[in-house]
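Hello,

Here is the structure you are taking over. Please open it first, then read my notes below.

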Amino acid sequence: MEIVSEVNTIGWAPFGSAGTMTTLSLHTLRTIRPGCPRPPWVTATIRAAAPRYVPCRRVGQRRVEEGSHPVRVSVRVNENEGSSVLDAGAVCAEAGKWTEIKGAFRLRESPMSADVYVHGAPAGVELKVMDLRIIATDHKARFAQLKEKTDKVRKRDVVLSFGGAALGAELSSGASVRVVQLDNGFPLGTCINGNVIQDPAFVDFFTNHMDWAVFENELKWYWTEAQRGQLNYNDADHLLDFCDRLGKPVRGHCIFWAVDGAVQQWIKDIGGDRDQLMSVVQDRLRSLLSRYAGRFPHYDVNNEMLHGRFYRDRLGEDVSSLMFREAARLDPGAALFVNDYNVECANDPNATPEKYMVLIDELRRGGAQVGGIGLQGHLDVGEQDEGLRADDLEVVLREAYAHPAVEGVIFWGIMQGHMWRQNAALLNADGTVNEAGQRFIDLRREWLSDTRGRIDAEGQFKFRGFHGTYIVQLTTPTGTKMLKTFTIGKGDATLVLDMENL
């Protein structure tokens, strides 16, 4: 990677009023040359070579370190026609500890110079910066690295053995094999609702290019019981039947939602009556989990607990573990998830990875069977330029697919006019597939194995394929055919399959 600019502690200066700004703020990069070629600047990363930021407060001669503070890096790029400010990274820095900050930004044009700001902590809090580097990102080189990682993480060596007595003579003459992957073991999906499934273009794209679904609102408690005692599962049933007909599994989102603003008024009106609130919580668990037992492979149990405490504040810290325990008892086959946002953004003091791990450990100590971790972030690839949107989407999906801990990606909508996020659609409002949608299709095609060849002298066919479900066709010289299906799962050892006994 090319280091475009490197900054040490020399040259930083306060910026703005001392009463409103952090002590350390501004550094001007004069090493950026006019006419610097654009390619190295398409994406740049601000990275600290070692932990970098310490917030502290001075009282007299004594330094008192306390709390944690959001620290941000911004870059003002100065061009001939003016300047613009770009967000370039953020972190919640803990007092008394060095903290590494990482971020990225894109430059559309080559700048004349740039001003780097380190800011965000309240007045009276000092920041120390060891150094800061701006590094040009080489997407071509990064994608090559990701493809190598993907081959290790998402593929496996396979031996198909056709050595049965019934085909022995014909196999010795040489038989051809065609192996085609039907689906990938890494699910990609989208949220759906009652309106979008009426659009034929959406249904076509969803049917052919999506593996999973999640309901946008129709399973949430405020939807299924907007008024106390008046249950409405009709909308959820309709969507579930739609997915069942297409063979698409559905994530259950969500049983509860911890954020106050997502709790319906009749529940809030219960007030401080702890027994009554616990009773309706238990009723919700029994009603939902008993009705749909075995139909949702996943559930988000108490959504966004890092950002809300509605039930814990009224029923005690153990109530979240109780929700998990009861959900596991009522539907033991479902994987139960925690789910939250901003965890990987490093700009939210409520949602650091460390706090997420503490929450999960507390749930497990309370007997919760936490089967999965949701990192909710809406994959922020909102970009008006369709080409850049496609590039951003490719970066996100390649990074996710190459990471061994990621088990799938669910989009929160894919069609313009039917989604919460603007400028992030894969399908235009008229049903046409845009550049981002085509890039998505191309990636899915890249991640499916399709191979052919001939049986070797030992009656075997060997290949390396992506995890997922396959169909194999064997054709002998006399025209005898065999069709079999099989699955490649995770594993480091070579998968050997006896095709005669499948």
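**Helix H5 and what it touches**

The buried residues of H5 pack against S14, H3, S15, strand S16 (250-257) and helix H7 (274-291). Contact here means heavy atoms within 4.5 Å. Helices (H or I, at least four residues) and strands (E, at least two) are DSSP runs, numbered from the N terminus. Buried means under 20% relative accessible area, exposed over 50%, and partly exposed in between (1.4 Å probe, protein chains only).

Before going on, two notes on the source. This is a predicted model, in which local features need pLDDT of at least 70 and side-chain atom pairs count only at pLDDT 80 or more, while totals for chains, interfaces and linings use all residues. Residues are numbered from 1 along each chain as its sequence is written, and side-chain values use heavy atoms, with hydrogens and water left out.

Back to H5. Its buried residues are Ala236, Asp237, Leu239, Leu240, Phe242 and Cys243. The helix covers residues 234-246, and its 13 residues should span 18 Å at 1.5 Å a residue; the end C-alpha atoms are 19 Å apart, which agrees. The expected span is 1.5 Å times one less than the number of residues. Gly247 follows H5 and has a positive phi, near 70 degrees.

**The chain overall**

The chain has twelve helices and 25 strands. Of its 502 residues, 48% count as buried. Among contacts with a separation of 6 or more, 74% come from residues 24 or more positions apart.

**The parallel sheet**

Seven strands make an open sheet with parallel pairing, in the order S19-S18-S17-S16-S15-S14-S20. Two strands pair if DSSP finds at least two bridges between them. Strand S19 (370-376) and strand S20 (409-411) stand at the edges with a single partner strand each, so one side of each has no neighbour in the sheet. Neighbouring strands of this sheet are turned by 30 degrees against each other on average, direction ignored. Axes are lines fitted to C-alpha atoms, for helices over the stretch in contact, and angles run from 0 to 180 degrees between N-to-C directions.

Look at S14 (residues 188-192) and S15 (residues 212-215). They pair in the parallel sense over four bridges. Ile192 has Phe215 in S15 as its bridge partner. H3 lies across S14 and S15, at about 150 degrees to S14.

S16 holds Cys254. A cis peptide bond joins His253 and Cys254, with omega about -5 degrees.

**The antiparallel sheet**

A four-strand open sheet has antiparallel pairing and the order S21-S13-S23-S24. Strand S21 (450-454) and strand S24 (481-488) are at the edges, each with a single partner strand, so one side of each is left without a neighbour in the sheet. On average, neighbouring strands of this sheet are turned by 20 degrees against each other, direction ignored.

S13 (residues 176-184) and S23 (residues 468-475) pair over eight bridges, in the antiparallel sense. In S23, Gln473 is the bridge partner of Arg178, and Ile471 is the bridge partner of Val180. Ile471 also stands opposite Thr485 in S24. Eight bridges join S23 to S24. Their hairpin has five residues between the strands, and Gly479 takes a positive phi there, near 100 degrees.

**Rings and charges**

Rings of Phe, Tyr and Trp (its six-membered ring) pair if their centres lie within 6.5 Å; planes under 30 degrees apart count as stacked, over 60 as edge-to-face and the rest as tilted. The count by this rule is 20 aromatic pairs. One of them is Phe202 with Phe206, stacked at 5.7 Å centre to centre and 10 degrees between the planes. The two are four residues apart in helix H3 (residues 200-209), so about one helical turn separates them. Phe202 is buried at 1% relative accessibility, and Phe206 is buried at 0%.

Ring pairs also link Phe215, Tyr233, Tyr292, Phe296 and Tyr299 into a cluster.

A charge sits over a ring if NZ of Lys or CZ of Arg is within 6 Å of the ring centre and within 35 degrees of the ring normal. Arg314 lies over the face of Phe310, 3.8 Å from the ring centre. Arg398 has its charged end over the ring of Phe143, 5.2 Å from the centre.

Glu304 is not a glycine, yet has a positive phi of about 60 degrees. It is buried, at 6% relative accessibility. Asn342 is not a glycine either, and its positive phi is about 70 degrees. Asn342 is partly exposed, at 22% relative accessibility.

Best wishes
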